[in-house]
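Me: I am new to this structure and would like to know what stands behind the terms used for it. Please set each value against its definition.

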Amino acid sequence: MTGTAQYIPFVLPALLALAGCASTPPPLAQIDAADAALQQARSAQAADLAPVELGFAQTKRAEADAAMQARDHARARALATQAEADAALALAKSRAAAARAEVQRKTAENAELRRELLGEGGRR
Amino acid sequence: MIRLGVALLALALLSACASAPKRDLQLERLQASLANLETDPSLGELAAAERLQARQALERLSASRGDDRNLDLYVAERRVEIARTMAQAELAQRQAVQLDRERDRILLEATRRDAESSRLEAEKLRLQSLARAEEALRAQEEAQAAREASELSSAEADQARRLAQAQATEAALARREAELASAAADSLRMQLETMTSRREARGEVMTLSGDAFASGQANLRPEARANLGRVVDFVRAAGNAAVIIEGHTDDRGGDNLNQALSQRRAEAVRQALVEEGVDAARLTAVGLGKNRPVADNATAEGRARNRRVEIIVQSSP
């Protein structure tokens with residue numbers, strides 16, 4: 001092709017690029033995923049056991065909401081995705097902390113039982 | 001100064017050129033971290049779902065370009081950390097299960113020991129109650145034996161009591177006899193000590209009471225024998241005069257017996273006087289039996305008076 005016609009293949013992509021913001025669909029799936037992950041994290045006592053990570057997740061989720069209000073779907077999607085990852089990490093840390101605490105408690109309990117029931121002294 | 005400037009410029013160029021490879025380094029770092037986790041002996045098999053999610057995030061990161069890369073990197077970093085953290089959580093959960101099993105073992109052992117000590121306690125109590133039963137039986141047998149023994153001993157005690165009573169009676173009798181004898185002896189002594197003679201037609205007569213002899217005996221009682229002083233004096237006082245010693249009895253018993261007794265009594269007195277130093281030639285002993293009573297033989301007092309020995313100092317013609 002020659003002349004103006006040689007630019008035709010570039011027109012549609014350019015137009016699309018210009019209209020990039022409005023054509024990104026609202027990230028409903030990512031936002032739902034982030035909410036589910038936050039719910040799980042809260043249920044696992046993340047507020048006590050992983051407050052920093054939970055805080056990050058909640059902040060990102062709130063910012064995703066703001067982006068949705070501003071119809072910035074790309075930004076909202078990115079923030080929701082991050083929020084989900086942060087919430088998942090908060091959940092994992094909460095599970096780990098709870099499991100470690102249980103191990104400590106049961107170890108101490110067994111030592112106590114040994115002392116009281118079997119007369120085995122000494123600290124374990 | 002210029003060298004520093006050249007170095008800084010070189011660094012800036014390098015970093016500009018390495019902006020794409022920097023992302024690959026981060027990918028490599030994350031891949032190494034995940035591989036580290038998966039080869040860990042205790043963690044490697046755990047959190048399979050989360051490890052899969054991490055691997056998928058890393059694949060997505062390796063394929064992503066442009067603005068997506070920042071987001072994909074953020075997510076991938078978290079997914080790798082989540083995999084490690086969840087593996088650690090699962091490990092701790094397994095340890096908790098082991099601790100539960102250990103707790104059960106401890107409680108079981110404690111129960112077993114309780115049961116053992118209860119069994120030993122029960123056995124001890126059983127043996128104790130056996131021992132007590134045996135003791136009770138033995139005590140019963142002993143009580144029975146004691147009862148029988150006490151029955152025996154109460155019969156014995158009865159016997160002993162009767163014996164003691166008899167002995168006491170005997171002793172009382174003996175005491176009474178002794179008292180009587182002593183009284184008699186006193187009385188005899190007093191008699192002998194106050195004996196006097198009296199003048200009769202036949203001469204001076206001193207009468208020795210039959211009490212000086214034991215009943216039916218010819219021997220002088222010891223206290224009589226020891227207290228013949230007045231008789232001796234009486235005889236001595238008569239100088240060389242002849243003395244007849246006459247024995248007399250009451251009318252109880254045979255004539256021959258009385259005769260013999262009176263004779264022997266007279267001789268006993270004679271012998272005693274001789275022993276006291278009186279000249280034997282002067283003394284003649286004769287037994288007259290019952291033939292010369294001085295009192296009524298029908299009364300006891302009369303009979304007692306008749307039983308006598310008379311010492312007669314004959315009056316000189």
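Reply: In this predicted model, 28 residues of chain A are in contact with 26 residues of chain B, where contact means heavy atoms within 4.5 Å. Local features need pLDDT of at least 70, side-chain atom pairs count only at pLDDT 80 or more, and totals for chains, interfaces and linings use all residues. Residues are numbered from 1 along each chain as its sequence is written, chains are lettered from A in the order in which they are written, and side-chain values use heavy atoms, with hydrogens and water left out.

Me: What makes the area between chain A and chain B "buried"?

Reply: Buried area is the accessible area (1.4 Å probe) that two parts lose on being put together, summed over both. For chain A and chain B it is about 2400 Å², with 66% on carbon and sulfur atoms. A:Leu89, A:Asn110 and A:Leu118 supply 21% of what chain A buries against chain B, more than any other three residues.

Me: Why is the pair A:Glu109 and B:Arg103 called a salt bridge?

Reply: The term asks for a side-chain nitrogen of Lys or Arg within 4 Å of a carboxyl oxygen of Asp or Glu. The closest N and O atoms of A:Glu109 and B:Arg103 are 2.9 Å apart, so the pair meets the rule. The count between chain A and chain B is six salt bridges.

Me: Which helix gives the most to the side of chain A that touches chain B?

Reply: Helix α6 (residues 73-118) of chain A does, with 25 residues. Helices are DSSP runs of H or I with at least four residues, strands are runs of E with at least two, and both are numbered from the N terminus.

Me: What makes the pairing of the open sheet in chain B "mixed"?

Reply: The sheet has five strands in the order β1-β2-β5-β3-β4 (chain B), with mixed pairing. β1(B) and β2(B) run antiparallel, whereas β3 (residues 243-248) of chain B and β4(B) pair in the parallel sense over five bridges. In β4(B), B:Gly287 is the bridge partner of B:Gly247.

Me: Which helix packs on the sheet at about 160° to β4(B)?

Reply: Helix α7 (residues 255-275) of chain B does, touching β2, β3, β4 and β5 of chain B. The angle is taken between N-to-C directions, from 0 to 180 degrees, with axes fitted to C-alpha atoms, for helices over the stretch in contact.

Conventions
Pairing = 2+ DSSP bridges.
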